[in-house]
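Thank you all for making time this morning. Please have a look at the structure on the screen while I take you through it step by step.

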Amino acid sequence: MTDQPNSFRNQPDERGHFGPYGGRYVAETLMPLVLELDREYRAAKADPAFTTQFEDLLEHYVGRPSPLYYAERLTERLRADAPDNMGAQIWFKRDELNHTGAHKINNCIGQILLAIRMGKTRIIAETGAGQHGVATATVCARFGLPCVIYMGATDVARQQPNVFRMKLLGAEVIPVTSGAATLKDAMNEGLRDWVANVHDTFYIIGTAAGPHPYPEMVRDFQSVIGKEAREQMLGRTGRLPDLLVAAIGGGSNAIGLFHPFLDDSEVAMLGVEAAGHGLDKQHAASLAGGFPGILHGNKTYLLQDDDGQIAEAHSISAGLDYPGIGPEHAWLKETGRVEYTAITDTEALDAFQLLCRTEGIIPALEPSHAIAALVKCARDMPQEAIILANLCGRGDKDIFTVAEALGVEM
Amino acid sequence: MTRLATTFAQPRPALVAFLTAGDGDTSANLDALVEGGADVIELGMPFTDPMADGPAIQNANIRSLARGTKTAEVFAIARAFRARHPGTPLVLMGYANPMVRRGPEWFASAAHEAGVDGVICVDLAPEEHEDLGPALNDKGIALIRLATPTTDEARLPAVLDGAGGFLYYVSVAGITGKQQAVLASIEQAIERLRRFTDLPLAVGFGVRTPEQAAAIARVADGVVVGSAFVELVEQHGAAAPEHLRHLAGQLSHAIHNARKLAA
């Protein structure tokens, strides 16, 4: 139904605008390449061979479809604290079971196939938590392309296991020391590399942000999450969920889950930003605490001061530690189709432990924010209601961070 | 005629000199550039995320912001420059977000009141012209566009549509201050650009020495030098003016006389 004028699924326009957001705000050197990428992406989308190869790799290399899981013990645990007959059923889309341990690989498969189609011979990417870096290094190893990953020096220090994974996979990891040395600065450095190497280099952006067509393209590749979940939920329960919940840094796992459901008006949606130390302190919640502006190729909500200088974000989760958000989320917030909330570091840590102990699943700190949010919602929803959350990454990478936060010596 | 048009109407090519506002004593440094012979001043608006800049200008941005430079101070520097140098064209160069933060009309008015002649917005593609272009044009401020080695002939008309002041040819696909372009490629590019526009053509990125500047000035209407000046500010701090004056003197001499020497 994407061609209905009142659909929420027909964005962006041909210039990459989601309402007033999105667009193409890049240096002129990159513009011709960004336009070429757009043309090539349209051609690839229309090419059944491209889709077949993408789906084949998702099935046999990534391990899709990922399971849809009813979290019975977590549901019971939350019902114990809920009023009578309240306490919604909690279901998880298990994208943490993907090869490489997060949803990031879905997008990387799509983009590297596009890079090869465009004749590019070198891949670059930025990474925060390292999940996108690992996923990019993985597909580069799989297709035999050299790979350079830009990663903030702060993130290199707090995500050592992923740094080593990338190196094992043959990638060169370049620590970025400018700014606060986190994801934003890694993205700046990625853009600087790209502008100097446009002739042979493809930039695999890891989230649903950046210049058009990246937000649309990343969304489309990640929409496999929502398409599978919709079909699986209908097959298992005969109905659609009442509420979708997903964590948001740039917002790729959330838009991947939400997009296929956007025109199902009975399905409510909640995006969960990182409130860090608290929304009145340092945080990473661009929608809750930011204003529209222009950064990294797109117009969207940004954490910034009165002069338009970009603020440093903070979250215990490196993957959410970014002062912007994908432009489609900015638009979905303003249209009211999706609600957004924010969860603090402490709340996320509690949810992390809760899932470990009730379900035997160690989640990444990113989806721990979604879990903390759904805990708050579940008790106010009837028992027959269904909450579906995206478990977008596994927590192996985070155990050192969590241990430190909990005061445990390892 | 506008100040930019008057400057480029002279029979000799122009030295376009860049400094980051708020990095060092900017007013004293700008005066030194003009005294040394700079024809056009490009004043950089500091930004936290200067993603098209190399280390020299990145660090200048960081130093300026660390000193607490606000947008209001950038305009104060511009306004004071205009009062001291009524005839020298002044161009603001920077990134889109600080320019649109309070709305394009606010920015255009503030720039107009400060005596700014043109604006270069690195990450405002012609495709997003509406965000800033109309507001600047309403105030008679030129939106100066950039063309690059990747801008092909099919795209050039889109880049030139709405362009004013002069056309800034970025001679290398890359960031500021790094590699230098091969002279032959610049000559080819200038020849190609002249077939599409009557705007003056200024060439920049990676130009550091009088020899390079002179070679470019034989074919271009202006030569932009940025990182080399910014590095002098970093190295010499309060003593920067004399070094800036000296380098601007060497560069402007080479540029102003390039065509005479070639003839």
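What you see is a predicted model, in which local features need pLDDT of at least 70 and side-chain atom pairs count only at pLDDT 80 or more, while totals for chains, interfaces and linings use all residues. Residues are numbered from 1 along each chain as its sequence is written, and chains are lettered from A, with ligands numbered from 1, in the order in which they are written.

Let us start with the domains of chain A, whose bounds come from an automatic or database domain assignment. That assignment gives domain 1 as 24-60 + 104-218 and domain 2 as 65-101 + 223-405 of chain A, and the C-alpha centres of these two domains of chain A lie 23 Å apart. If we call two residues in contact when their C-beta atoms, placed from the backbone, lie within 7 Å, then 32 residues of domain 1 of chain A are in contact with 31 residues of domain 2 of chain A.

In chain A, 4 strands form an open sheet with parallel pairing, in the order S7-S6-S5-S8. Its edge strands, each of which pairs on one side only, are S7 (172-176) and S8 (201-203) of chain A. From one strand to the next, the twist averages 25°, where axes are lines fitted to C-alpha atoms, for helices over the stretch in contact, and angles run from 0 to 180 degrees between N-to-C directions. Strand S5 (residues 122-127) of chain A is joined to S8(A) by 3 bridges, and Ile124(A) has Tyr203(A) as its bridge partner in S8(A). Across S5, S6, S7 and S8 of chain A lies helix H8 (residues 183-196) of chain A, running at about 160° to S5(A).

Which element gives the most to the side of chain A that touches chain B? H8(A) does, with 6 residues, in an interface where 28 residues of chain A are in contact with 32 residues of chain B. Strand S2 of chain A is also among the elements that give two or more residues to that side.

S2(A) is mostly covered, as 5 of its 5 residues are buried, and a residue is buried if 20 or more other C-beta atoms lie within 10 Å of its own, exposed if 12 or fewer, and partly exposed in between, with C-beta atoms placed from the backbone. S1(A) and S2(A) form a hairpin with 2 residues between them, and Gly19(A) in the turn has a positive phi of about 60°. On S12 (residues 297-302) of chain A, which runs antiparallel to S2(A), Lys299(A) stands opposite Gly22(A).

Finally, chain B has 13 helices and 9 strands. Its radius of gyration, taken over C-alpha atoms, is 17 Å, close to the 18 Å that the globule rule (2.2 Å times the number of residues to the power 0.38) gives for 263 residues, so chain B is as compact as a globular protein of that length. Buried residues make up 60% of the 263 residues in chain B.

Terms used: Pairing = 2+ DSSP bridges.
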